[in-house]
Amino acid sequence: ITIEQELRSALQKNEIYMVYQPQINADGTLHGVEALVRWKNEKLGFVSPADFIPVAEATGLILELGNYITNRLLLEIKKIYAEVGKTFQLSVNVSIVQLMENHFLKNLLEMIHKVQFDTSLLTLEVTERLPIEDLDYVLPILKSIRAEGMLLSLDDFGTGYSSLSVLTKLPINELKIDKAFVDELLYSNKDKNLVKTIINIGKNFSMDILAEGTESKEQVDKLKEYGCDIFQGYYYSKPLKKEDLIAFIRSLQ
Ligand code: G
Ligand code: G
Ligand code: MN
Ligand code: NA
């Protein structure tokens, strides 16, 4: 059995579900959540998205999977808003393969309108590892996404090869500092200075800076000192199922 074979039937078999990792503002309030896909297969067990997303991209299954995820997400998050009595930002990972599909934005807007989701509550995370040769094609799509009121976040920042000139071109609202830099922050002067520089560059472009994979109070305190705005990591919470997320949000209030 291969991931590809099983993935084809995973949607029908209801094996795919979402978990949500809280994103916390510097003042301790909830900024939003990142939605992360999970897959539990009867034969393969839990398969990490790091393993099946690349297969889904290579086979084109990512388009069907992406639609399935978005549909499900928008409905589930609306229920959570109602249960906790407030709204918050929803961040969704979007693969470059999805972004470059002709009807991506049209399909997304249809789903959004069907459930009357507020576009300004939706942040699309695109990875910094987007191929430079695709930029000319992707840029107008990113601009249309912004024009519809959605926000854009640049994921895995610092690990790709985008230059500063790319940053000036992309209509990005938020930079996500990759976990690799957060890990080294307290030990390596080089990484400490790099993180400070990333934060300052982002600020110059009026972007929010989110630090990923923050696991300790020491990391959060240092990052706050450098001006980081939002924190996501095990220090605050692991990715949570719907009911656990509701309990987490209630505990913050
Ligand atoms: O949740 P976890 O750390 O295991 O995720 C691993 C990788 O899978 C991350 O890089 C993340 O961006 C990607 N990923 C998780 N959920 C989704 C999703 O819903 N869509 C896409 N395209 N990628 C996802
Ligand atoms: O690449 P992307 O940023 O989309 O993936 C986020 C992934 O990072 C999620 O799969 C999540 O499980 C993982 N993650 C988030 N916070 C932490 C953390 O504090 N420590 C570790 N080890 N992983 C984390
Ligand atoms: Mn992400
Ligand atoms: Na990331």
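This note sets out numbered points on the predicted model shown above.

1. Basis of the note. Residues are numbered from 1 along each chain as its sequence is written, while chains are lettered from A and ligands numbered from 1 in the order in which they are written. The model is predicted, and local features need pLDDT of at least 70, side-chain atom pairs count only at pLDDT 80 or more, and totals for chains, interfaces and linings use all residues.

2. Overall form. The protein chain has 11 helices and 9 strands; these are DSSP runs numbered from the N terminus, helices being H or I with at least four residues and strands E with at least two. Its radius of gyration, taken over C-alpha atoms, is 18 Å, close to the 18 Å that the globule rule gives for 253 residues, so the chain is as compact as a globular protein of that length. The globule rule is 2.2 Å times the number of residues to the power 0.38. Along the principal axes, the C-alpha atoms fill a box of roughly 50 × 45 × 40 Å.

3. Of the 253 residues, 32% are buried. A residue is buried if 20 or more other C-beta atoms lie within 10 Å of its own, exposed if 12 or fewer, and partly exposed in between, with C-beta atoms placed from the backbone. Among contacts with a separation of 6 or more, 65% join residues 24 or more positions apart; a contact means that two C-beta atoms, placed from the backbone, lie within 7 Å.

4. Helix 9. This helix covers residues 189–204, and its 16 residues should span 22 Å at 1.5 Å a residue; the end C-alpha atoms are 23 Å apart, which agrees. The expected span is 1.5 Å times one less than the number of residues. The buried residues of helix 9 are V195, I198, I199 and G202. They cover an arc of only 95 degrees around the axis, which puts them on the same side of helix 9; the arc is that of the directions from the helix axis to the C-beta atoms. An α-helix has 3.6 residues a turn, so residues three or four places apart point the same way. The buried residues pack against strand 6 (151–157), strand 7 (174–177), helix 8 (179–184) and strand 8 (208–212). On the other side of helix 9, the exposed residues are N189, K190, N193, T197, N200 and N204.

5. Positive phi values. Most residues other than glycine have a negative phi. S206, in the loop between helix 9 and strand 8, has a positive phi near 55 degrees and is exposed, with 7 other C-beta atoms within 10 Å. D156 also has a positive phi, near 55 degrees; D156 is found in strand 6 and is partly exposed, with 17 other C-beta atoms within 10 Å.

6. Ligand 1. The surrounding residues, whose C-beta atoms placed from the backbone lie within 6 Å of the ligand, are L36, V37, S48, P49, A50, I53, I69, N93, V94 and S95. Strand 2 (30–41) and helix 2 (49–59) each give two or more residues to this shell, and helix 2 provides the largest share, 3 residues. By class there are 7 nonpolar, 3 polar and no charged residues. Ala, Val, Leu, Ile, Met, Phe, Trp, Tyr, Cys and Pro count as nonpolar, Asp, Glu, Lys and Arg as charged, and the others, Gly among them, as polar.

7. Ligand 2. The residues around ligand 2 include Q21, L36, N93, D155, D156, E212 and E215. This shell has 3 nonpolar, 5 polar and 4 charged residues.
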